[in-house]
Amino acid sequence: MRKHLTDLMLVGPAAILIVVFIFMPVAIVIVLAFTDYQFGASSANWIGIDNFSTLFGSKIGRKALSNTLIYAAIVIPCSVGFGLLVAIGLHNLSKTLPRISAILRTVYFLPVAATMVALAVSWQMLLHPSLGLINNWMSMFGLQPQRWLSDRDLVLYTLAVIGVWQSVGYNMVLFLAGLAAIPSTLYDAAEVDGAQSGWAKFWIVTWPMLGPTTMFVMIVTAATAFRIFETVAAMTGGGPAYASDTIVYALYREGFVYFKAGYASAITVVFFLALLLLTAIQMLIVERKVHYR
Amino acid sequence: MKSLLLSVGLALTATTAMAETEIRVHYAIPTIWAETQDMLADAFMAANPDVKIIIDGPAEGYADGVQRLLRESIAGTEPDVAYVGLNRWRILEDRGLTQPLDGFLPADTAAAGYTPALLSLGQYQDVQHALGTSASTLVLYVNPDLVTQAGGSMEDFPTDFDGIIELAAKIDALGDNIEGISIGRHDWRFQSLLGSFGGRPMLEDESDITFDSDEGMAAAGLYQRFASEGGMSSLSESEARQSYPAGTLGMFFESSSLLTRFEEGADGRFDVTVLGTPVSAEENVYFPTGGSAIVMLTDDAEKQAAAWDYMSFVTGPEGQKIVVENTGYAPANSIVLEDQSYLGAYYEANPNAKAAHAQVAAHAGPWFSYPGPQGVAVTDQIAAALVEVTDGADVTSTINDLAETLRLELGMK
Amino acid sequence: MSAVTQSEVSGRISLEGVTKKFGEAEAIKNISLTLHKGEFVALLGASGCGKSTTLRLLAGLETATSGRVMLNGRDVTKEGPAARNIALMFQSYALYPHLTVAQNISMPLRLGRMSALQRLPGAGLLSNSVRGMQDAIAKRVLEVATTLRLEKLLQRKPSQLSGGQQQRVALARALVRDPSAFLLDEPLSNLDTQLRGDTRDELRALHRRTQYPFLLVTHDQSDALSMADRIAVMIDGQIAQLGTPKNIFETPANIAVATFIGNHRMNMVPPGEAELLHTAGGQCHVGVRPEDVRISPNGKLEAVVESIAFHGEETILRMKTQNNTTLRTMLRGTQSLPSQGQTVGLAVEQSAMHFFDRQGQRQKVPQ
């Protein structure tokens, strides 16, 4: 009995904190999602699933959802793929030119370490239609200059490229760690078994051995991709004409610019459930497919 | 001797008792306002030693500021007085946080410098909730060098939109990197063009949308004509704000509040020149006014009196002189404009400011904010429709659709 | 020593004057070694002596700095492992953890017989010829797996197998093709004593059955002595002696080999003091294995007993002579033991003596 009491006393404070600071706010958000509560208002009406039908039914809501999906569909494979490519390149380079490899590693990691808002400002300058370096280079090579951030058909892809640029370095570091953990005898074994090209060795050893790393990198990249916010907020404000509106930016806009706390809560709930589902699926795959040991 | 001591003691207690009224003031955008706010507070306290002004840590922008006020009001820790965006005080009014000012205003408001146009900036349904503290309207920034290169001249600069579009096309043809004209695809710019044609976005009683009128079509049509005839490429707001001071944008419709920033940015590369927005109608012309307003939040009678003293000081000629000289905003008090003794020397040195401020004095009008919970959200929809029109969508059907959407969203139907 | 003189051409695989440098360090110094068909050679040496590098040079995983690697009379010095078709069983087994036992075993065949395109998953569904190849490979895998008692484990992953089973999978993967030589890197070092004995027998049997040239790399002389036809003793990047186990044990070519081989380190009495054992000892080192040292009152060489270690059937005495030479003797049975600190006389049969000159090379001494 005494022991139980001590246990309770030890667990108690943390449990109370978790309830107060995690479960209660989440519960409040879920309740708010079914109301038309306005930030600062003294009362709210219960409106059922209206907020959710607006999100999935309205043009603007659907645009934010589809933009986020397109963005993620570009960023996840590209960022993971380039991250792997760069990591393999640097891993091989480190055997012959360790100094240069270390420098390049730092260079690739810089965007990860830097503040996104500061980077957004420099990207805005680079991408400026008439003053920016990128369009200057484009016209130097005889290419048509583009309105990278103000063309409705282009802006989302521009943001996606920046998203890839930003996350490649992080993925590269994770992959480098994964590569270093592959026992070199496996490559010897593959060579003895008859794998002659680097390509064959990649598919027989590197790729499967990186399975757990790749899965982890995918989860991390997906989580950041679906949460895309900073670049949108700092560079486009979701525009022009909602062309770069994303789910988290919409959440911010509805909640903190429009003060529609109820609707913003509904977006939060949907977003939370989607991420939960994604994580659950990926965890399942991780358990099933890439659990070697 | 004893009586002298006693009277000194009385005087001391009297001053300490009087100085006990403390007024907490909230403001936003410290990059523009920090020093000005301190000067206003110091000047006011020098004249009113019985009131102590305490300035809260500022919010980054007006949106953040309103957010913070709403949060504080829920917690019951809101300040007594707050500076808010001219288009945002309605959010506070909607939540019942602002105190009506009609009881405090003098009988002869015009004599105090509060013209009907200026008062209209803070009125809703004939109740005065806010007073303007700084004002800006849409003006035309011109790069005279590019105008001259394109074969135009500042002396016979076009006074109507047709002439401006023609000039824009010529400037645009100067080079790949040169843009002729730019205007933000944004609710406030649209309201300004609408006002130039004598139109209004809504009925006074906010019961219906009215920008699907001839004036509205003409205003929205300008966006399309700027693009198709004037060669306007849809630069984003921040891109255009970089291009103009860099000298690659010929004409730029923007807020007069950016004057100082552009002059600093151009850094002598060319003479930043401000002209009024063309007036395209005989009557009903107005320009929606941006800037800041001050609202009273305290419901404590004693504090209200002191708060009003502060408010009337900062909206009065002395306070407005400080605001104009330090921020470049147009004043929201007519005395300071009419009486040369306040700002005569300033305008002598800053002709651009004079042009901008003259437009405020002549045509200031309310920046309509749309009512109800969707009020802010629909402004983004207006911006989106303007993007579509600029990109070539049919003006009439787009604007009609937009008006219908707004009526639905705002519950006017 | 007669085996070395066999003709070069009949040898299946050989190193000819091979040197391997890593940077400035010479790991292998001018080694020549030939593996003949049907022969089981052990490469025996302490860790770091260069035996693993030698093995990698043979397999083609390292390229010789100078010298030649010959395979059936063909120069393969610059060719990779695939071209040499040499099977190698790694010390760590190096099984692919993500593949099943069957897939692990079939890998050399899939890589050898099928193109990258044909290896793609699902290719068998589209092409009859690919399906034919897959069937042939599966048949061969089952065959090899059955001989190594792995047929019930084919669908397991390596992580689900015991150490012994993993080793048999590694063996199967090496045997599944028809290799030109079979290299084994420390195959017994990861096994417990019980399994070691069984595996030794199994490897011997495998060798007899397949007749591939086997090269066993080991640091354990009992493995080498018990399994190999010939042993190459490697010391410091060089082959110190090459010969049959009996030959190496009975006539070690130099002091280094003599002290390396044998369950207990051979005693080495330096010239001068050695004269007490044999007249030739004035100019020669005399080596005696501990089991050949007898305690005898007639022994001229005297030593003080320093420690007595009892090992059940045998007892080992550590002693020191007047010249501070440490000697060990192994006593068997129930004979009476001297006590610690006692001075004893030591005697050795002449036939048990090994003579080495001052450079450490074996000397023939007339009886």
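In the predicted model, the side chains of C:Glu16 and C:Arg68 form a salt bridge with an N to O distance of 2.9 Å. This pair connects distant parts of the chain, with C:Glu16 lying in strand β1 (residues 13–22) of chain C and C:Arg68 in strand β4 (residues 66–71) of chain C, 52 residues apart. Both partners count as partly exposed, C:Glu16 at 23% relative accessibility and C:Arg68 at 38%. A second salt bridge in chain C joins C:Asp236 to C:Lys29, whose closest N and O atoms are 3.8 Å apart. Here too the pair links distant parts of the chain, since C:Asp236 is found in the loop between β9 (230–235) and β10 (238–243) of chain C, and C:Lys29 in strand β2 (residues 25–35) of chain C, 207 residues apart. C:Asp236 is exposed, with a relative accessible area of 53%, whereas C:Lys29 is partly exposed at 23%. Salt bridges that share partners also join A:Asp188, C:Lys20, C:Arg56 and C:Glu62 into one network.

Over all chains the structure holds 38 salt bridges. One of them, in chain B, is formed by the side chains of B:Asp212 and B:Arg407, at 2.8 Å from N to O. These residues lie 195 residues apart, B:Asp212 in the loop between α8 (187–196) and α9 (214–228) of chain B and B:Arg407 in helix α18 (residues 395–409) of chain B. B:Asp212 is partly exposed at 26% relative accessibility, while B:Arg407, at 8%, is buried.

Helix α7 (residues 163–175) of chain C comprises 13 residues and spans 18 Å between its first and last C-alpha atoms, close to the 18 Å expected at 1.5 Å a residue. Because 11 of its 13 residues are buried, α7(C) is largely enclosed by the rest of the structure. The buried residues include C:Gly164, C:Gln167, C:Arg168, C:Leu171 and C:Leu175. Their packing partners are α8 (184–193) of chain A and, within chain C, β6 (86–89), α3 (101–113), α6 (128–147), β7 (181–185) and α8 (193–210).

For chain A, an unreviewed UniProt entry places the feature "transmembrane region" at several segments, among them residues 155–182 and 202–225. In the model, residues 155–182 of chain A are 93% helix and 0% strand, with the end C-alpha atoms 40 Å apart; residues 202–225 of chain A are 96% helix and 0% strand, with the end C-alpha atoms 27 Å apart.

As to confidence, the model scores ipTM 0.79 and pTM 0.77. Chain C averages a pLDDT of 84, with 96% of the residues scoring at least 70, although pLDDT stays under 50 over residues 1–11 of chain C.

Definitions and conventions
Residues numbered from 1 in each chain as written. Chains lettered and ligands numbered in written order. Predicted model: local features only at pLDDT ≥ 70, side-chain atom pairs only at ≥ 80, totals over all residues. Heavy atoms only, no water. pLDDT = per-residue confidence, 0-100. Contact = heavy atoms within 4.5 Å. Helix = DSSP H or I, 4+ residues; strand = E, 2+ residues; numbered from the N terminus. Expected span 1.5 Å × (residues − 1). Buried < 20%, exposed > 50% of the residue type's maximum accessible area, 1.4 Å probe, protein only. UniProt positions renumbered as here; feature names shortened; annotations may be inferred. Salt bridge = Lys/Arg side-chain N within 4 Å of Asp/Glu carboxyl O.
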